[in-house]
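This report looks at a ligand and the pocket that surrounds it. Please keep the structure in view while reading.

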Amino acid sequence: MNIEEIKAGGLPEHVAIIMDGNGRWAKQRGLARSQGHKEGLNSAKRIVAQAASLGIKYITLYTFSTENWKRTQEEVGYLMTLIKGHLRAEFQFYKDNGIKIEHIGDLSGLPKDVQKEILNAKKDTEHFTGTTCVLAINYGSRDEIVRGIKKLVENNVKTEDITEKLISDSLDIKDLPDVDLMIRTGGEERLSNFLLWQCAYAEFLFTDTLWPDYTENEFIEDIIKFQKRNRRFGAVPDQK
Ligand code: IPE
Ligand code: IPE
Ligand code: MG
């Protein structure tokens with residue numbers, strides 16, 4: 001199938017990816033976990049570029065969770081440096097692909113220099129109109145919901161005004177559409193605190209492929225699998 005045929009089959013508006021398996025990829029090769037993360041970043045760039053060329057509107061990448069602080073100081077430090085260096089150096093990549101960067105997660109809990117690069121990258125790419133790439137950094141879905149509810153309470157929202165829409169809008173990106181397709185690499189079949197609210201009706205695809213080995217071809221195959229799913233949203237299909 002060529003790209004035009006895939007587009008014609010109906011694209012997911014919002015794809016979210018749990019990019020798992022970097023550490024195991026490195027271990028299999030006798031390398032340090034950091035090498036797995038470095039290779040994982042290359043994989044992320046390939047997939048984001050592919051999403052942009054397909055015309056997918058939103059791609060959200062689980063980059064660093066609120067639970068990942070439990071890792072060694074060395075690994076956390078490496079990841080922060082990798083994220084910071086990438087955002088600082090890769091403006092051209094985002095420009096060439098027309099990609100706008102957004103962030104979800106608790107910015108205030110990140111090192112100051114990482115915060116600065118995220119804010120700069122958002123600002124530098126805000127006028128790009130292609131794919132929006134949402135980076136989930138220091139992100140936990142429960143943390144996002146708790147922070148959202150705090151905002152509502154601070155704004156003295158009345159009980160009768162609380163709706164699903166209002167809660168959605170209190171999350172980190174006000175008008176982020178629900179996830180259509182959630183992909184997790186690395187063999188585990190769990191959400192690990194990612195986008196709990198937004199995945200209410202997502203289609204899930206799990207692959208054993210370790211994230212650094214995940215290719216554009218596998219991504220395309222996953223889009224095609226998504227297109228074959230029968231999404232009912234609680235209704236009975238084809239009922240007139
Ligand atoms: C995912 O790969 C990347 C991050 C969590 C930052 P892992 O580092 O979790 O890789 P495995 O699961 O140990 O193989
Ligand atoms: C989820 O992967 C977080 C990211 C990919 C950033 P983890 O490797 O941290 O998840 P668990 O620990 O296996 O649930
Ligand atoms: Mg993992």
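In this predicted model, the shell around ligand 2 is made up, by class, of four nonpolar, three polar and four charged residues. The residues concerned are I18, M19, D20, Y62, T63, F64, N68, R71, R184, R190 and S192, and the element that gives the most to this shell is strand β2, residues 58-65, with three residues.

| Residue | Distance from an N or O atom of its side chain to an oxygen atom of ligand 2 |
|---|---|
| D20 | 3.2 Å |
| N68 | 2.9 Å |
| R190 | 2.7 Å |

Taken alone, ligand 2 exposes 390 Å², and the protein buries 77% of that area.

Where does ligand 2 sit? The space that ligand 2 takes is the largest pocket, which holds about 790 Å³ of space. This largest pocket is lined by 38 residues, of which M19, Y62, T63, F64 and N68 are the closest to its centre. By class, the lining divides into 18 nonpolar, 11 polar and nine charged residues.

Turning to the elements behind the lining, at least two residues each come from α2 (22-28), α3 (33-54), β2, α4 (73-89), α5 (91-96) and β4 (132-139). Whereas strand β2 gives the most to the shell around ligand 2, α3 gives the most to the lining of the largest pocket, with seven residues.

How values were computed: Residues are numbered from 1 along each chain as its sequence is written. Chains are lettered from A and ligands numbered from 1 in the order in which they are written. This is a predicted model: local features need pLDDT of at least 70, side-chain atom pairs count only at pLDDT 80 or more; totals for chains, interfaces and linings use all residues. Side-chain values use heavy atoms; hydrogens and water are left out. A residue is near a molecule or strand if one of its heavy atoms lies within 4 Å of it. A polar contact is a pair of N or O atoms within 3.5 Å; within protein, one must be able to donate a hydrogen and the other to accept it, and residues adjacent in sequence count only if both atoms are side-chain atoms. Accessible areas come from the Shrake-Rupley method with a 1.4 Å probe; for residues, only the protein chains shown count as cover. On a 1 Å grid over the protein atoms alone, a cavity is a set of points where a 1.4 Å probe fits but cannot get out, and a pocket is an open set with protein on both sides within 12 Å along at least five of seven lines; lining residues have an atom within 4 Å of a point. A molecule sits in a cavity or pocket if more than half of its atoms lie within 2 Å of its grid points. Helices (H or I, at least four residues) and strands (E, at least two) are DSSP runs, numbered from the N terminus. Ala, Val, Leu, Ile, Met, Phe, Trp, Tyr, Cys and Pro count as nonpolar, Asp, Glu, Lys and Arg as charged, and the others, Gly among them, as polar. Grid points are joined across faces, edges and corners, and a volume is the space filled by probe spheres set on the points.
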